[in-house]
Amino acid sequence: MCGIVGIVSNGPVNQELYDALTVLQHRGQDAAGIITTDHGRLFLRKDNGLVRDVFRTDHMLRLQGNAGVGHVRYPTAGAESCAEAQPFYVNTPYGICLSHNGNLTNAGQLKEELFMADRRHLNTDSDSEILLNVFAHELMQRGRLRLTEDDVFEAVAGLHRRCRGAYAAVAMITGYGLVGFRDPHAIRPVVYGKRETPAGTDYMIASESVALDALGFERIAEIGPGEAVVITLDGQIHVRQCAEHPVYSPCLFEWVYLARPDSVIDDVYVYKARLRMGTYLADKIRREWPDHDIDVVIPIPSTSRTAAVELASQLDVKYREGFIKNRYIGRTFIMPGQEQRKKSVRQKLNPIDLEFAGKNVLLVDDSIVRGTTSQQIIQMAREAGARKVYFASAAPPVRYPNVYGIDMPAGSELIAHGRDDDEVCDIIGADRLIYQGLDDLRRAVSKGNPHIERFEDSVFTGEYVTADISEDYLQQLELFRSDAAKERRRDTEAAGLELHNAR
């Protein structure tokens with residue numbers, strides 16, 4: 001999960017790209033970058049850290065021009081140093097830079113092809129650099145000095161034939177304009193819009209509609225599965241389907257957790273989808289636990305609030321804010337190392353004792369991934385005086401790793417992997433555990449857009465929409481993603497830095 005943005009404007013875009021990235025900061029807190037173009041020259045600033053920390057006044061002043069792209073990174077494949085911060089740039093042909101959200105599942109094969117057949121050098125382990133070079137090579141095959149939109153669309157079509165996995169991307173071609181494209185399953189979100197000004201029409205491509213809203217852009221549409229959008233520097237816009245067999249299959253976890261509640265993803269209001277999650281969860285409780293003794297519903301801030309409010313309303317039970325959140329602590333399931341995650345939960349949330357004392361409490365969270373956070377929060381509720389602590393998840397059990405751009409744990413580190421609901425309930429220490437049904441979750445989202453043909457819901461089902469994920473691939477992913485593997489890489493990097501400093 002990352003955040004991408006691209007703007008073609010009639011005025012400087014540096015501040016607007018910065019503002020858009022701050023709105024998309026929830027999609028990536030690991031690194032940030034912006035590249036702009038002015039009279040054929042490119043200006044780049046990127047580094048590890050939050051948007052507010054990466055860009056200072058002197059950096060902003062150097063980001064000149066009326067077009068540019070930006071990126072906020074959430075660590076996935078090959079993203080552990082500032083060298084992997086995006087946007088990436090390649091000079092041949094034309095000078096192209098790219099920001100990417102997703103993950104290529106055939107990155108190893110493509111890397112070999114790029115070296116052996118395309119004669120292209122890769123400088124990082126990032127699959128985003130691979131995607132950029134595939135796009136650049138396909139453009140170069142057109143062999144033209146002056147690009148047309150047909151050339152760009154044919155290049156995207158060639159990219160679709162070679163690349164597998166998830167990719168929502170925005171690229172900037174120097175002297176030409178922006179290109180936004182999305183994989184044939186539309187797994188990761190991307191939307192485009194326009195803004196009328198006295199100087200003309202400005203255009204924007206972004207991961208979520210909230211970025212458009214914040215800058216006064218009117219949403220035009222989502223980029224569809226396999227579709228590409230070309231926006232030239234003179235303000236012309238062209239849209240074309242570039243995939244042979246697109247199948248609309250957006251990631252279901254976007255509505256559960258990743259997207260902001262005020263976003264519209266694939267014509268589905270995230271807020272409304274989460275309200276329906278609360279409604280269907282309440283229906284399940286009434287069916288399976290009609291004589292419940294819940295005194296109060298308390299959300300785990302902040303993604304679960306919308307579902308929790310509606311659940312409490314449907315059950316006619318009090319809703320209370322029982323935890324106060326420290327806004328300056330990042331999302332815990334993406335933090336490196338189990339010990340750091342455990343420590344951060346206590347720093348992130350503080351219970352209000354009077355809302356728990358002597359009550360039977362139903363805690364509501366958007367999902368349960370590792371279970372670390374859930375276990376500690378339940379313990380905090382008991383320490384605050386709760387008589388009984390029940391736990392509800394607005395999503396079904398997360399049993400399988402994600403391979404499409406969410407750096408979830410290895411399968412063996414998912415608490416529900418290989419366990420039934422009762423076993424999970426015992427481990428997290430709840431008096432009762434209620435999971436959302438998968439059909440109900442699908443219904444909660446698809447009700448907003450009946451044109452969605454299916455969902456990418458592999459974290460719940462183990463069924464991957466690209467149909468290219470083998471057991472060997474998952475085993476390699478386990479070796480790469482496990483906490484032990486990440487710790488070894490950090491130790492190796494630290495040892496290398498210590499050796500370098502000693503010299």
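Buried means under 20% relative accessible area, exposed over 50% and partly exposed in between, with a 1.4 Å probe and protein chains only. The views below show a predicted model in which local features need pLDDT of at least 70 and side-chain atom pairs count only at pLDDT 80 or more, while totals for chains, interfaces and linings use all residues. Residues are numbered from 1 along each chain as its sequence is written, and side-chain values use heavy atoms, with hydrogens and water left out.

View 1. Asp 266 sits in the loop between strand 14 (264-265) and strand 15 (268-269); strands (E, at least two residues) and helices (H or I, at least four) are DSSP runs, numbered from the N terminus. Its side chain makes polar contacts with the side chains of Arg 182, at 2.9 Å, and Tyr 248, at 2.7 Å. A polar contact is a pair of N or O atoms within 3.5 Å; within protein, one must be able to donate a hydrogen and the other to accept it, and residues adjacent in sequence count only if both atoms are side-chain atoms. Leaving aside residues up to four places away in sequence, Asp 266 touches residues including Glu 222, Pro 250, Trp 255, Asn 449 and Ile 452, where contact means heavy atoms within 4.5 Å.

**View 2. The largest nonpolar core, with 44 residues.** Such a core is a set of buried Ala, Val, Leu, Ile, Met, Phe, Trp, Tyr and Cys residues joined through side-chain atoms within 4.5 Å. Phe 253, Trp 255, Met 277, Tyr 404, Val 445 and Phe 460 touch the most other members. Two or more residues come from each of helix 8 (253-258), helix 9 (270-288), helix 14 (438-446), helix 15 (458-461) and helix 16 (471-481). Helix 8 contributes the most, 5 residues. A second, separate core has 34 residues, among them Ile 96, Leu 98, Leu 114 and Leu 139.

**View 3. Packing of helix 9 against helix 10 (residues 305-315).** The angle is about 40° and the axes are 7 Å apart; axes are lines fitted to C-alpha atoms, for helices over the stretch in contact, and angles run from 0 to 180 degrees between N-to-C directions. Residues that meet here include Leu 275 and Ile 285 in helix 9 and Leu 311 in helix 10.

**View 4. Packing of helix 9 against helix 14.** These helices pack at an angle of about 150°, with axes 8 Å apart. Among the residues that meet are Met 277 and Tyr 280 in helix 9, and Leu 441 and Val 445 in helix 14.
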